[in-house]
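Student: Hi! Could you walk me through this structure? I'd like to start with what is on the inside.

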Amino acid sequence: MTAFETPGDPSGGRPRRRADAERSRVAVLDAAVRLLARRPDAGMAAIAAEAGVTRQTVYAHFGTRDALLGAVADRITDQAMAAMDEAEENGGPALGSLLRLQDIGWRLFERNPVLLGLPGGRAGAAAGASRHEPVAARLTRLVEQGQASGEFDPAPPAGWLVAAIIALGHAAGDEVGAGRMPVREAAAWLRVATLALLGVGRRDPAS
């Protein structure tokens, strides 16, 4: 009898088994994040070897490679959000905060090229939209702050500006994924386009 079992308890050792299964899942996910950062095309067998488990164990937690890639993307998104939380604590002008958020995203993107190969289709698009929601909310706050302070052009609706900034980010990522631009060049041009979109540097300070 285990510490989780009591006489007549129909659950037996299930709490401990669930805890063990969750630790195993986390270990597989951590291994996938590490390995895919070095080898974006790594398969399930290689990820299992990195985690020190069998391939069957990986499939038990993540039924397909696409499902595992989605979980990896969620983990990286969580890391990005934590970094953004820390960056926002510094406060300061909206423009500086917005550019810091873009820099954080590109650094994670550069370290995790597997993000370029995330599964497409309806499910992939829905998952991607879900990951973008908290980022879009942050961008909206910063754009509204910048418009109120006079840093950004106040004429365009904040929601439209945010949608356009996100679309520019996707375009930059597509260029990197297609091999037409290195990550740092794409990030630099995204910054130029973002500043132009927000009207930074072209407005009359006295207006």
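**Inside the model**

Tutor: Happy to! This is a predicted model. Its largest nonpolar core has 42 residues, and those touching the most other members are L36, L68, V72, L98 and V143.

Student: Which elements give two or more residues to this core?

Tutor: They are α1 (14-38), α2 (44-51), α4 (65-89), α5 (94-111), α6 (121-149), α7 (158-177) and α8 (183-198). The largest share comes from α4, with nine residues.

Student: And is there a second core? Which residues does it include?

Tutor: There is a separate one of seven residues, with W106, F109, A172 and A186 among them.

Student: Back to V143. What is V143 in contact with, leaving aside its neighbours within four places in sequence?

Tutor: V143 is in contact with L98, F152, A158, L161, V162, I165 and L198.

Student: Now α4. How many residues does α4 have, and how far does it reach?

Tutor: α4 has 25 residues, and from its first C-alpha to its last it reaches 36 Å, close to the 36 Å expected at 1.5 Å a residue.

Student: Which residues of α4 are buried?

Tutor: The buried residues there are L68, L69, G70, A71, V72, A73, I76, T77, A80, M81, M84 and A87.

Student: New topic: where is A27?

Tutor: A27 sits in helix α1.

Student: How far apart are the C-alpha atoms of A27 and A48?

Tutor: They are separated by 9.8 Å, and the two residues are 21 residues apart along the chain.

Technical notes: Residues are numbered from 1 along each chain as its sequence is written. This is a predicted model: local features need pLDDT of at least 70, side-chain atom pairs count only at pLDDT 80 or more; totals for chains, interfaces and linings use all residues. Side-chain values use heavy atoms; hydrogens and water are left out. A nonpolar core is a set of buried Ala, Val, Leu, Ile, Met, Phe, Trp, Tyr and Cys residues joined through side-chain atoms within 4.5 Å. Buried means under 20% relative accessible area, exposed over 50%, partly exposed in between (1.4 Å probe, protein chains only). Helices (H or I, at least four residues) and strands (E, at least two) are DSSP runs, numbered from the N terminus. Contact means heavy atoms within 4.5 Å. The expected span of a helix is 1.5 Å times one less than its number of residues.
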